[in-house]
Protein chains: 2
Amino acid sequence: MTEPTGDQLLRQLGALGNPHRLRIVAALLAERTYVSKLARELRISRALLQVHLRKLEAAGLVTASFEIGEDGKTLRFYELTPFSVVLTPKTISAAVPTLTTPDSVHGNADGEEGRT
Amino acid sequence: MTEPTGDQLLRQLGALGNPHRLRIVAALLAERTYVSKLARELRISRALLQVHLRKLEAAGLVTASFEIGEDGKTLRFYELTPFSVVLTPKTISAAVPTLTTPDSVHGNADGEEGRT
DNA sequence: ACCACCTGCTAACTTTCTTTTGCATGTGGA
DNA sequence: TCCACATGCAAAAGAAAGTTAGCAGGTGGT
């Protein structure tokens, strides 16, 4: 299953390339929790945490789910997805050809000699 | 030796989280080359390529060196550094405590209640 | 009812990337 | 000398990311 497409890989890299998000991952490894609590632990605003969590979620690194706390309140729990990404020139090189980013959209995949 | 500090890891993630840079890595794996040529191959401007190369270099993923081409011209060759980064909740969690980013600079480890 | 928490969302700002343009310099070959 | 290529750097415009602040609604407990 660890055969990320270029875009998928890019999303994961983008999601992990931020100190807050790395901390979030670390925190969630220690224990799954709900947003407000996590925000308090990391000492960042809920709004900010939410944005970061979404990015992690979009990359498939964490998952969210609603749960009812002991006091009957609805809490949104987040937990880690047991991912494992190996970054080496090879793995990257293998993913690159599957990049669909608005970058490869040249309409021209190969060809075109630079000569005049 | 693969024991990146949080900052180091962050730099590598930041460096790889971009389609152009992933392509650059892939291209350099295929063959080491000099800037102008690489720019032609990737079909991006030299100026842009330079910026990306610097970022990769700053993260220690590629290295540069001057060399004299057959025609006696000075060329700046770039080549890959055989890196290998494993991303899992654990490896990340292990790196997080060593993050020195202007983020951890709270000067205040605990304290400050959220009260109004 | 009021307080204490939880959730979600948006508008506005600030900061950091990304990319383009253009200039300056150096070398070998015709 | 002029052309073709290489290198380097910086200013400026555009785009994306990161943050803050504030509003709205929901539930349980006192």
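View 1. Two strands are taken to pair if DSSP finds at least two bridges between them. Helices (H or I, at least four residues) and strands (E, at least two) are DSSP runs, numbered from the N terminus. E1(B) and strand E3 (residues 74–80) of chain B pair in the antiparallel sense over two bridges. B:Tyr34 has B:Phe77 in E3(B) as its bridge partner.

Residues are numbered from 1 along each chain as its sequence is written, while chains are lettered from A and ligands numbered from 1 in the order in which they are written. As the model is predicted, local features need pLDDT of at least 70 and side-chain atom pairs count only at pLDDT 80 or more, whereas totals for chains, interfaces and linings use all residues.

**View 2. The sheet of chain A.** Chain A has an open sheet of three strands, with antiparallel pairing and the order E1-E3-E2. Its edge strands are E1 and E2 of chain A, and each pairs on one side only. Strand E1 (residues 33–34) of chain A pairs with E3(A) in the antiparallel sense over two bridges. Within this pair of strands, A:Thr33 stands opposite A:Tyr78, and A:Tyr34 has A:Phe77 as its bridge partner.

**View 3. The hairpin of E2(A) and E3(A).** Strand E2 (residues 62–68) of chain A and E3(A) pair in the antiparallel sense over seven bridges. A:Val62 in this pairing stands opposite A:Leu80 in E3(A). The hairpin has five residues between the strands, and A:Gly72 takes a positive phi near 80 degrees there.

**View 4. The contact between chains A and B.** The contact takes 31 residues from chain B and 31 residues from chain A. Two residues are in contact if their C-beta atoms, placed from the backbone, lie within 7 Å. On the side of chain B that touches chain A, two or more residues come from each of helix H1 (6–16), helix H2 (19–30), strand E4 (85–87) and helix H5 (89–95) of chain B. H2(B) gives the largest share of that side, seven residues. By class, the residues of chain B on that side are 18 nonpolar, eight polar and five charged. Here Ala, Val, Leu, Ile, Met, Phe, Trp, Tyr, Cys and Pro count as nonpolar, Asp, Glu, Lys and Arg as charged, and the others, Gly among them, as polar.

**View 5. Helix H2 of chain B.** H2(B) has 12 residues and reaches 17 Å from its first C-alpha to its last, close to the 16 Å expected at 1.5 Å a residue. The expected span of a helix is 1.5 Å times one less than its number of residues. The buried residues of H2(B) are B:Arg21, B:Leu22, B:Arg23, B:Ile24, B:Val25, B:Ala26 and B:Leu28. A residue is buried if 20 or more other C-beta atoms, placed from the backbone, lie within 10 Å of its own.

**View 6. Strands E4 and the rotation axis.** Strand E4 (residues 85–87) of chain A and E4(B) pair in the antiparallel sense over three bridges. A:Val85 stands opposite B:Leu87 in E4(B). A rotation of 180 degrees with 0.0 Å of shift along its axis superposes chain B on chain A, with an RMSD of 0.0 Å. That is the relation of a two-fold axis. The copies are superposed by least squares on the C-alpha atoms of residues with pLDDT of at least 70 in both. Of the residues of chain B, B:Val86 comes closest to the rotation axis, at 2.3 Å (C-alpha). The same surface serves both copies, as 94% of the contact residues of chain B recur in chain A.

**View 7. The surface near DNA strand C.** Among the 22 residues around DNA strand C, those that come nearest are A:Val35, A:Ser36, B:Asn18, B:Ala47 and B:Gly72. A residue is near a strand if its C-beta atom, placed from the backbone, lies within 6 Å of it. H4(B) supplies the largest share of this surface, four residues.

**View 8. The surface near DNA strand D.** DNA strand D is surrounded by 22 residues, and the closest are A:Ala47, A:Gly72, B:Tyr34, B:Val35 and B:Ser36. The largest share of this surface, four residues, comes from H4(A).

Key: A residue is buried if 20 or more other C-beta atoms lie within 10 Å of its own, exposed if 12 or fewer, and partly exposed in between; C-beta atoms are placed from the backbone.
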